[in-house]
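Here is a short briefing to read with the model open beside you. Take a look at the structure first, then work through the points by topic.

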Amino acid sequence: MNPALQTLFTGFFDDAATFPPGLAPLATAVSDAVSRRGTATAGTVGPSIIKLEDVPEARRLAQAHGVTADAPLPLSIVVPPGSLDAALAAAAAAEPQWRLAAIELKVSDPESRAWQEEIHHAAENAPVPVYVELAPGHLDRGGLDLLAETGLRLKYRTGGLVAAAFPTPEKLADVIVQTVRRNIPFKLTAGLHQAARYTDASTGFTHHGFLTIAQAVDAARRGADETEVALILAATDAAALAAWAQASDGAWRQSFGSFGTCSVSEPLESLAGLGLVPAAWAADHEPHDTQEDGQ
């Protein structure tokens, strides 16, 4: 195993334990985040993703676990449209137990102009990276150009509770190539449970593989067009994917920073099955039942 592989996944799995379908109680999610510190795999996990309304209780729970300013927990707040100022106030009140690491901003319907104003407001006021969740309607109305202009980042959905929520390889390829060309970092959410592309036997849904996406991003960064990237996204050869990862220089992480998952053990188990991380890593985490993440 290439030791450099372990650094590829630093902070790659954002902890969305309380979101559907895992729906871990907030108390469990905070307890797990505290107990995870000091484990061999702690470095692979990004911030805890928490709904705005849950931030005050998350602070109380962290304080009860003895979390102090010496070692605060990293926090990413999911912010409803028009609620950025409230989120920043909540983050300040959550100190010193929590340190705001990112904002995940939902914006208004693309038919209105409010979503553009919300993006500008975030660019002017947020002190941390902001990931703006854009739907296809926002993208069709110049959403990526607006992110490039403001320096904000993209959050994009790759799954859901219905088949239509999973973008086709062609659609996802277009988003990847366009973000790479504009130098927009992005994170993904929903449906990314395995490293390689696969079809879930219980639902019949075909899921994108998070490592397959990494390979596609790497290709886009090297100049591949949408057609080439779509072919990579549609591939299912796990052995070839593992070989690519073994040789990867990790530059793709400059574009594809992380993804939200309500189970941080499941993607690690998938990587371990490909021989890319030690099998013991996945055992450090309590698994949650997962289908499609909803943060």
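The largest cavity in this predicted model holds about 50 Å³ of space. A cavity here is a set of points on a 1 Å grid over the protein atoms alone where a 1.4 Å probe fits but cannot get out, and lining residues have an atom within 4 Å of a point. Grid points are joined across faces, edges and corners, and the volume is the space filled by probe spheres set on the points. As this is a predicted model, local features need pLDDT of at least 70 and side-chain atom pairs count only at pLDDT 80 or more, while totals for chains, interfaces and linings use all residues. Residues are numbered from 1 along each chain as its sequence is written, and side-chain values use heavy atoms, with hydrogens and water left out.

**The cavity**

- The structure holds one cavity of 30 Å³ or more.
- Its lining is made by Asp15, Ala17, Thr18, Ala29, Val30, Ala33, Ser48, Ile49, Ile50 and Trp98.
- Helix α2 (26–36) and strand β2 each supply at least two residues of that lining; helices (H or I, at least four residues) and strands (E, at least two) are DSSP runs, numbered from the N terminus.
- Sorted by class, the lining has seven nonpolar, two polar and one charged residues. Ala, Val, Leu, Ile, Met, Phe, Trp, Tyr, Cys and Pro count as nonpolar, Asp, Glu, Lys and Arg as charged, and the others, Gly among them, as polar.

- How much of strand β3 (residues 73–79) is buried? Six of its seven residues are, so β3 is largely enclosed by the rest of the structure. Buried means under 20% relative accessible area, exposed over 50%, and partly exposed in between (1.4 Å probe, protein chains only).
- Strands β2 (residues 45–51) and β3 run parallel and are joined by four bridges; two strands pair if DSSP finds at least two bridges between them. Lys51 has Val78 in β3 as its bridge partner.
- From β2 the chain crosses through helix α3 (residues 55–64) to β3 in a right-handed β-α-β crossover. Right-handed means that, with the strands pointing away from the viewer, the path from the first strand over the helix to the second runs clockwise.
- Strand β4 (residues 98–106) also runs parallel to β3, with seven bridges joining the two. Ile77 stands opposite Ile103 in β4.
- The chain crosses from β3 to β4 through helix α4 (residues 84–94), and this β-α-β crossover is right-handed.

**Salt bridges**

- Side chains of opposite charge can pair when their charged atoms come close. Counting a side-chain nitrogen of Lys or Arg within 4 Å of a carboxyl oxygen of Asp or Glu as a salt bridge, the total comes to 13.
- Glu104 and Lys155 meet in a salt bridge at 2.7 Å, N to O. This pair links distant parts of the chain, with Glu104 in strand β4 and Lys155 in strand β6 (residues 153–157), 51 residues apart. Both Glu104 and Lys155 are buried.
- Glu104 also forms a salt bridge with Lys187, with the closest N and O atoms 2.7 Å apart. Lys187 lies in strand β7 (residues 186–189) and Glu104 in β4, so the pair ties together parts that are 83 residues apart in sequence.
- The relative accessible area of Glu104 is 2%, and Lys187 counts as buried at 1% relative accessibility.
- Which residues are linked in a network of salt bridges? They are Asp14, Glu104, Lys106, Glu133, Lys155, Arg157 and Lys187.
- Asp145 pairs with Arg182 in a salt bridge, the closest N and O atoms being 2.8 Å apart. Asp145 lies in helix α7 (residues 143–150) and Arg182 in the loop between α8 (169–181) and β7, so the pair ties together parts that are 37 residues apart in sequence.
- Asp145 is partly exposed at 45% relative accessibility, and Arg182 is partly exposed with a relative accessible area of 28%.

**Backbone points to check**

- The peptide bond from Glu95 to Pro96 is cis, with omega near 0 degrees. Pro96 is found in the loop between α4 and β4.
- Asn183, although not a glycine, has a positive phi of about 60 degrees. Asn183 sits in the loop between α8 and β7 and is exposed, with a relative accessible area of 68%.
- Ala190 has a positive phi too, near 85 degrees. Ala190 lies in the loop between β7 and β8 (198–199), and at 0% relative accessibility Ala190 counts as buried.

Conventions:
1 Å grid on protein atoms, 1.4 Å probe; cavity = no way out; pocket = protein on both sides within 12 Å on 5 of 7 lines; lining within 4 Å.
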